[in-house]
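Please have the sequence and the 3D structure at hand.

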Amino acid sequence: MSEFWLISAPGDQENLQALERMNTVTAKSNLSYNTKFSIPDFKVGTLDSLVGLSDELGKLDTFAESLIKKMAQSVVEVMEDAKGKVPENLLANGVDLTSFVTHFEWDMAKYPAKQPLVSVVDTLAKQLAQIETDLKSRIASYNTLKTNLENLEKKSMGNLFTRTLSDIVSKEDFVLGSEYLVTLLVIVPKPSYAQWQKTYESLSDMVVPRSTKLIAEDNEGGLFTVTLFRKVIEDFKTKAKENKFTVREFYYDEKEIKREREEMSRLLSDKKQQYQTSCVALKKGSSAFPDHKVKVTPLGNPDRPTAGQTDRERESEGEGEGPLLRWLKVNFSEAFIAWIHIKALRVFVESVLRYGLPVNFQAVLLQPHKKSSTKRLREVLNSVFRHLDQVAAASILDASVEIPGLQLSTQDYFPYVYFRIDLSLLD
């Protein structure tokens, strides 16, 4: 299970024996794997300051958990079709999360234990707040890029009636710079190819003979050029419509076509170089770079890029992590490490508040072996440590005892200090 229970009990002889009994029972019944959880000796300060820190640490704990969950989800989104490799990218200090938790050691260099507790908590809070600020900024930029790219991609998908034609046509397909002549693009259903060839010259006056050419086609029809005099454009459109031929509104603008192609290339490059985990994801096909559902095949120009060619085929060079993924990995690690330090601080503060001074308690990390054993494990712990809170224990063990203002159940009864570390939130 990717769940841990972090508990503490007073460090006197009676409770050390209780811990031994707990270890014996849990091991014998195969309920959990238990290890000591080392927490340094902090400067305690005043009781009032500890009470204030207890509340602040609770909020900071929730904030840190939410932040690392967001960061894990961001890694999933950025890695796209390489999602199977996400766990190996969610590490803490270079090791998997379970190993980090079970072998936790307080980072004295980053969070000096000799400082007042308030200073340590303030350092952690500022660190996490900065990570959250940076995360929002970077993810906002990433989402803007994805949206812009998807909008452009939508224009290059679909059939000949709706898709952009900038990656299909070429300069050679048009009569350009003429005061009198213009080239139109007409979509002809496949069954009507022969009818088009027979009738297009007579659909209107002033159509240039033998000026039609099939330049692309999809599953439904073909895109033909036809050249005619400008003065008969409207008449030609009307006659074409009557014959179920569709004139596609398109006028060749080399600058606009170049701009659109450059914009697509730039966005593809930015996404791959700045954000994509590697080009392998593109080669395998990604959700953000889907295959075109309608393949459009240019004709008669071998140098022209194929519109049906997928983006993953076009983007075939360069590998390696982009800056966003690298940033996410580094800062996920930092946030996760900070989160476990917060858990350690909470155990220390709550143990002092509950067990008193001088500071003397033992923290233990339990990893339940399976979800079905958690209820039994809770019963064992409550039984072993019930002497820590005799009043609460009595209310649990004897349902007939009613204590005004006290409502407990076996689910929320903790005679010991207890915190949960749930790594399943990152799955």
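The buried residues of helix α11 pack against β1 (3-10), α1 (13-28), β2 (32-36), β10 (361-368) and β11 (417-422); contact means heavy atoms within 4.5 Å. In α11 (residues 374-384), the buried residues are Thr374, Leu377, Arg378, Val380, Leu381, Asn382 and Val384. Buried stands for under 20% relative accessible area, with a 1.4 Å probe and protein chains only. Helices (H or I, at least four residues) and strands (E, at least two) are DSSP runs, numbered from the N terminus.

The model is predicted: local features need pLDDT of at least 70, side-chain atom pairs count only at pLDDT 80 or more, and totals for chains, interfaces and linings use all residues. Residues are numbered from 1 along each chain as its sequence is written, and side-chain values use heavy atoms, with hydrogens and water left out.

Two packed helices are described by the angle between their axes and the distance between the axes. The table gives these values for one pair.

| Helix pair | Axis distance | Crossing angle |
|---|---|---|
| α4 (residues 117-155) and α10 (residues 323-355) | within 10 Å | roughly 150 degrees |

Axes are lines fitted to C-alpha atoms, for helices over the stretch in contact, and angles run from 0 to 180 degrees between N-to-C directions. Helices α4 and α10 are therefore roughly antiparallel to each other, a term for angles over 145 degrees.

Arg346 lies in helix α10. Is Arg346 buried or exposed? Its relative accessibility is 16%, so Arg346 counts as buried. Leaving aside residues up to four places away in sequence, Arg346 touches Leu57, Gly58, Asp61 and Phe419.

Terms used. Parallel < 35°, antiparallel > 145°, perpendicular 65-115°, else oblique. Buried < 20%, exposed > 50% of the residue type's maximum accessible area, 1.4 Å probe, protein only.
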